[in-house]
Amino acid sequence: MTGDAHGRDAVPVGVAGRPTLAFGLSALAGMAVLGAAMLAALLMGPLPIPAGAIVRDVLDGLPFVSVDSGLTAQQHDVLWQLRMPRVVLGALVGATLALGGAAYQGTFRNPLADPYLLGVAAGAGLGATVSIVYAPGLSIAGQASLPVFAFAGGLVAVALALVVGRSFGEGRTSTTLILGGVAVASFLTALQTFVQQSHDETLQQVYGWILGRLSTSGWTEVRVILPYVLLAAVVVLAHGRLLDVLALGDDAAESLGVNAGRVRGVVVVCVTMATAAAVAVSGLIGFVGIVVPHAVRLCGVRGHRALLPLSAVAGAAFLVACDLVARTVMEPAELPIGVVTALIGAPAFALVLRASRGGATP
Amino acid sequence: MIQVRDVRVRRGGRDVLHEVSLDVERGAWCALIGPNGAGKTTLLRALASGRVDAGTVEIGGVPVRGMGRRRRAQRIAVVEQQPVAPAGMVLAHYVSLGRTPYVSYFGGEGAADRRVAAECLERLELTHLATRLVTTLSGGEWQRAVVARALAQQPELLLLDEPTSALDVGRQLHVMELIDGLRADDLTVVSATHDLGLAAAFADHVVLLGEGVVVAEGAAAEVLREDLLSQHYRGSLRVLTDGDGHMAVVPSRGPR
């Protein structure tokens, strides 16, 4: 599906950027891959659960559908209280990171942008480290304090980046925002390292969080991030065409009647909230936000109205698959999922880039 | 009718434009000329946004600054000096983005928008390239693509900043002829250019800017004078005119 040697475009969207049948088929294919990854993740584990029974039990949960799945009570509990929450959380976090990466790459016209660009990872890392070191066992409104500290740290970091970025120049250009993010991230990372090194008895815990994990306690984590993820998805997807306009540059966008600063601000706020929420429950999972949108582009997808939803679906499938590897490859021990995303993502990305032979510019 | 009255623009603590006044008739082509730093691009930006430190910019009696962002984009289109060619965007989509001022905030193009975009591609002789990535277009094709996107805004006023500076002579002429043809629909054109020969060939009205003020304005023959140009461009220039009144401005080094 990549563009051909003459730069002609075999795309799953129409030439005017409108979704077409090809886009619909691509979306269906993506959903099928996601469904297969989720089913595989639900199947794997110490307690065998037949695939057919899983499908029947999921169908049984739908309104107006009644099917006897044949699962035992134990299998039912393992499926719905252990495996399903983890798989759904993986899908939500993967979709958030990939959607955020695609949105940031468009918003900042920077192919190297990922959802952590403006310092959300550094802020969340500091928040999590402070929670582990200074407030172990503390609960806030009945919740463990770590996700709350991480979420707050991520939001504060991006708010600081916006303030610092604005102080650099006359306007909120993409460059000044990125520079603000770099400055804030460097500062907060230094603080995080200082706190971490000052309390080496918690090093393992801190590193365990930083490398990412998708461990769940029932549906709590899913419920925590779902509102943020849904809000960000709706708002960012609705801005698809405007992100195409931003790709023309701020001056051109202004001459087309688009307030580039406002669009960028709305997208940044929504992506930040969703990313901070995702990081709060899963730690720092790198590579998804960069690799997935580029891989989708390299499949020939053009225009943000197609790129954003397809990146979200692909990101969900990618992270569910990575988590499956993380928890099975060294069973009963688990690999940090951030290690798996990098180990799988980096070579896969390099291969895809090589296969494209420069035919499609990310 | 474009009316610019006593416009002053300050940048970096100094006046980049001062007391600039200008009238451009509907359907006319006005060329802004002058050396680097004379204020040509600043004046184009003032026309595009209405943002000035003093004075007024009006189109058809309506202050540009008071227009809403979208309304302004429906009346004024800008072709920048170095427009960004977005990676991975096909030409038809690029041109259709010119319909943005007519599309609702979260909406997409309707059938009418797609028809206008297709017409713009056709008028700029680009229809056969509609599915090409804009990053793969030649210089001349890309310049026409940018003009087509601006034209899709269906503007009354087209502002061009050095529209042909990256093109060879033949393609310069081709693009300028195409733009000139657009004036049949009463499109008013204001262009900033260093190419004095093209300004003479296409503009009805030439404005020579020097250090932020209007030094001379009028028909090409009145403004493109050797004494004026040599003084303000700070170099020896010769103005050559053939029997048909075509003018060319060339640098002169004296005998070798």
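Analyst: In chain B, four strands form an open sheet in the order E2-E1-E4-E5, with antiparallel pairing. Its edge strands, E2 (14-24) and E5 (62-63) of chain B, each pair on one side only. Strands (E, at least two residues) and helices (H or I, at least four) are DSSP runs numbered from the N terminus, and two strands pair if DSSP finds at least two bridges between them. This is a predicted model: local features need pLDDT of at least 70, side-chain atom pairs count only at pLDDT 80 or more, and totals for chains, interfaces and linings use all residues. Residues are numbered from 1 along each chain as its sequence is written, while chains are lettered from A and ligands numbered from 1 in the order in which they are written.

User: Over how many bridges do E1(B) and E2(B) pair?

Analyst: E1 (residues 2-11) of chain B pairs with E2(B) over seven bridges, in the antiparallel sense. Within this pair, Val4(B) stands opposite Leu22(B) of E2(B).

User: How should I read a positive phi, and where does Phe64(A) lie?

Analyst: One compares the angle with the residue type and its surroundings. Phe64(A), not a glycine, has a positive phi of about 65°; its place is the loop between helix H2 (51-60) and helix H3 (73-107) of chain A.

User: Is Phe64(A) buried or exposed?

Analyst: A residue is buried if 20 or more other C-beta atoms, placed from the backbone, lie within 10 Å of its own, exposed if 12 or fewer, and partly exposed in between. Phe64(A) counts as exposed because it has 4 C-beta neighbours inside 10 Å.
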